[in-house]
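Let's read a protein structure together, one feature after another. Ask whatever you like as we go.

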Amino acid sequence: MRNALSKRDLALIASIVDRYKSEGHELAKILADGLAGLCFHSSLSPIIHSVRSRVKDPDHLRDKLERKMLTAKAEGKQFAITPDNLFEKVTDLAGIRILHLHTTQFPKINEVLLRLLDLEEYKILEGPIARVWDDEYGDFFQGCGIQTQVNKRLYTSVHYIVGSGERNLRTGEIQVRTLAEELWGEVDHTINYPHKCEVATCQEQIKVLARVTSGATRLVDSIFRAKADAEAELATKHSRTPAKKVKAHSK
Amino acid sequence: MAHPITAVRKRHEAPRLAIFNHKGGVGKTTLTINLAFALTELGLRVLLVDSDPQCNLTSYLLSEEKVNELLDHSDEADGATIWSALKPVVDGSGQPIRIPLLSIAGKLLFVPGDIRLSEFESELSTFWGESFQRKVRGFRGTSALSSLVDSLATAHKIDVILYDSGPNIGPLNRAILLDCDYFLVPAACDAFSIRAVKILGHELSKWIADWEVVKKLAPDNLYLLPGLPKPIGYVPQRFKVYGGAPAQAYASWLPRIEKSVRDDLITVLKRLNPELTSSARAPLRLASIKDFGSLALSAQSEGVAIWRSEKATATQAAEAHSDFLKLAKSVLQRINLPLP
């Protein structure tokens, strides 16, 4: 693959990676820390399970830039990334992943997250966009007013691209997904990143895993919905029962 | 009634100068106050900020009763010290509030210090950390003192701002140095002072480099510390003068201080950003201030410039006057401020 890139191309990529090493990597760490910090806010932390943050490794960035440049060449397009606009053009140098237990938590998480981003003066550059493959979840996110995008890799996750400010635009990525989806994501990432695994069985099994983890999310959703329904029913019953009886009952 | 200051849109143009050395006992307060007096004599409106929780400058300028009165009421709504102004920032209620300035001899205006400023200082550590998480609160907090000074400079048409800072390398001095346009280093003629310059160069570069990174992620429209403090030179202290020239023992220290300031401070900063050293020209020694001994103490207890002390002989007064005017002119030249 490398052969298709000229010396000049590689020099440009090296200059971008060097700038990233000397400055961008540190900025990415701060940005990722800042975004992760939002999740410790008292309005968000109780409704999420955990947050993970990461910054792009300089070597992985080099791979990514090489792939992007090859694609640009193959498609006859211009490769528009420079050391100066790296943080603008590559939006996943800094990223966090917010994990939660069940899908019905999402609308509240989205609402609080957007408010916190606004409070800390981040600009939403893209999203939220829900990447889905199961129609049932597609309907759910659309019902919440979230734009959806069908993905063939069979995962479910909501993505946001945020910017630090217009004067000095530096971007970061936020993903929100269930804990079950995270298992698929981690396995896929470990097997296929930075280079896609060529073992057909692995690819086959990862597709099966996507269905299993999606099924796990669906099961968790169902467990929480059953509980919520039962509690709601109990509450309705109580509200119909005379006050005196409620007192006796609660003893 | 307490009025919160409005957010800084455009930084007031009066240059800000810190007189800073984290080593104590270098005659920093005496130097600062007499420099301020000399600058006012040259016709400038000077804002003197006592940003040292030890309040030496405030004690110099005000009587003991007045100092006590200020400190006793500084925590109240109508308090008038630097702490009274910054308290709302620590309480979390927001912007600093405007305080009345004290006026000494007409053109010298001054913000009284406060021992409770150390509470603001400990909060500054948190603000600094929060800036490294790109939190709006962190950026606002780190620039709170700067915003206060800006608002006072605007309201009182100030020409030049002097910070008298405590002898340490801490969060408060970090915020002050990053706010300053310029700083000068009072240095004593001893080995400790030379060691201190080295540490100063190292720490300062770290602060500037860190802040430069943090600034790149800051949201738009927030007022930020500029983070470009330019050294203008040093002033050696504590000369015993015999026949006009520094006594031999002290004289031998002068080249060593000059070298240390050049190599351990100027060169280090230049490597970081050449713009930082645009006001540091040789000789780095801005003036030689004689050791006026007990006269400095008398002037301090009278709350006046050394040359105005009742105890000064005509010769001493003339010498002190001339020394400090020379220093003031040399400072103005380095900070590119023309005489009015």
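Q: Where is Pro128(A) found?
A: Pro128(A) sits in strand S3 of chain A. Helices (H or I, at least four residues) and strands (E, at least two) are DSSP runs, numbered from the N terminus. A cis peptide bond joins Gly127(A) to this Pro128(A), with omega about 0°.

Q: Before we go on, what kind of model is this, and how are things numbered?
A: This is a predicted model, in which local features need pLDDT of at least 70 and side-chain atom pairs count only at pLDDT 80 or more, while totals for chains, interfaces and linings use all residues. Residues are numbered from 1 along each chain as its sequence is written, chains are lettered from A and ligands numbered from 1 in the order in which they are written, and side-chain values use heavy atoms, with hydrogens and water left out.

Q: Which peptide bond is cis in chain B?
A: The one from Ala282(B) to Pro283(B) is cis, with omega near -5°. Pro283(B) belongs to the loop between helix H11 (253–272) and helix H12 (294–302) of chain B. While we are looking at backbone angles, Arg134(B) has a phi near 55°, a positive value in a residue other than glycine. Look for Arg134(B) in the loop between H5 and helix H6 (136–142) of chain B.

Q: How many helices and strands are there in chain A?
A: Chain A has eight helices and six strands. Reading from the N terminus, the order of its elements is α-β-α-α-β-α-β-α-β-β-β-α-α-α. Along the principal axes, the C-alpha atoms of chain A fill a box of roughly 85 × 45 × 25 Å.

Q: How do I read the area buried between chain A and chain B?
A: The size of an interface is often given as the accessible area lost when the parts come together. Buried area is the accessible area (1.4 Å probe) that two parts lose on being put together, summed over both. Here chain A and chain B bury about 1600 Å² between them, and carbon and sulfur atoms give 50% of this. On the chain A side, Ile30(A), Glu120(A) and Arg167(A) lose the most area to chain B, together 35% of what that side buries. In terms of contact (heavy atoms within 4.5 Å), 17 residues come from chain A and 15 residues from chain B.

Q: How many salt bridges does the rule find across the interface of chain A and chain B?
A: Side chains of opposite charge can pair when their charged atoms come close. The rule for a salt bridge asks for a side-chain nitrogen of Lys or Arg within 4 Å of a carboxyl oxygen of Asp or Glu. Across this interface there is one salt bridge. Glu23(A) forms a salt bridge with Lys216(B), where the closest N and O atoms are 2.6 Å apart. Helix H1 (residues 7–38) of chain A gives the largest share of the side of chain A that touches chain B, namely six residues.

Q: How many salt bridges does the structure hold over all chains?
A: Over all chains the structure holds 32 salt bridges. One of them joins the side chains of Asp84(A) and Arg19(A) (3.1 Å, N to O). Asp84(A) lies in the loop between H2 and helix H3 (86–89) of chain A and Arg19(A) in helix H1 of chain A, so the pair ties together parts that are 65 residues apart in sequence.

Q: How much space lies in the largest pocket?
A: First, the rule: on a 1 Å grid over the protein atoms alone, a cavity is a set of points where a 1.4 Å probe fits but cannot get out, and a pocket is an open set with protein on both sides within 12 Å along at least five of seven lines; lining residues have an atom within 4 Å of a point. Grid points are joined across faces, edges and corners, and a volume is the space filled by probe spheres set on the points. The largest pocket holds about 1600 Å³ of space. It has 43 lining residues, and the closest to its centre are Asp92(A), Arg153(A), Asp188(A), His189(A) and Tyr193(A). H6(A) gives the most to this lining, with six residues.

Q: How much space lies in the largest cavity?
A: The largest cavity has about 110 Å³ of space. S6(A) supplies the largest share of its lining, three residues.
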